Amino acid sequence: MLDSRWFKAAGVAVALTLASATAAHAAPAPDPAAEATAAVVTLRYDDSRAGGWEAAIAAGVASWNANVANVKLVEAAPGTRAEIQIVATSGWPQATLGPVRPGGQARVELGSQAVTQGHDKTRIAAHELGHSLGLPDTKPGPCSQLMSGSSAGTSCKNAVPNAAERSRVESAYAGGLASLVPADGRILVDAP
């Protein structure tokens, strides 16, 4: 006949075995380095002074947001500070070379002179935002390079960054912060 001490000992052994099995199959502890790499930097833009460019800006922002995982561009709420100021001008498009940091400041000028010559508004907006994210011009270049700008010709409508451009932006914002290297700050004018 088995006494109650045997059942208690057997119950403890079963409990220990179940606890060990559960721990072995539990989700691994979060890796802090992986979490930092996956952090998203949110940059606000203000396009309240870019009348006539609203659809192009929205499409350019959507292109970056769909193609870069660790940076998100969002429209600033009225009366709040934005890192990227977008304005419409009558000259050639130009922008401050970033990467702009949260709390920093960059300016994008969407110039109608390029549109008058036949360049695509959405490509212009996405290209100039690329400067704010730290990408220089790659002129001359093919239409497949967003940062080739006007050198790709007026028939080019591509507003999507290629793999190298995406990689460079993601690298600049890796770890949830803009690059430790200060933003360049030069103004890049996209005249042919």
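The model is predicted, so local features need pLDDT of at least 70 and side-chain atom pairs count only at pLDDT 80 or more, while totals for chains, interfaces and linings use all residues. Residues are numbered from 1 along each chain as its sequence is written, and side-chain values use heavy atoms, with hydrogens and water left out.

E165 is found in helix 6; helices are DSSP runs of H or I with at least four residues, strands are runs of E with at least two, and both are numbered from the N terminus. Leaving out residues up to four places away in sequence, E165 touches L135, Q145, L146, M147 and V160, where contact means heavy atoms within 4.5 Å.

One disulfide (a pair of cysteine sulfur atoms within 2.5 Å) is found in a search of the whole structure. C143 is joined to C156, with an S to S distance of 2.0 Å. Both cysteines lie in the loop between helix 5 and helix 6, so the pair ties together parts that are 13 residues apart in sequence. The torsion about the S-S bond of C143 and C156 is about 85°, and the disulfide is therefore right-handed.

With neighbours within four places in sequence set aside, the contacts of I86 include Y45, I57, V108 and L129.
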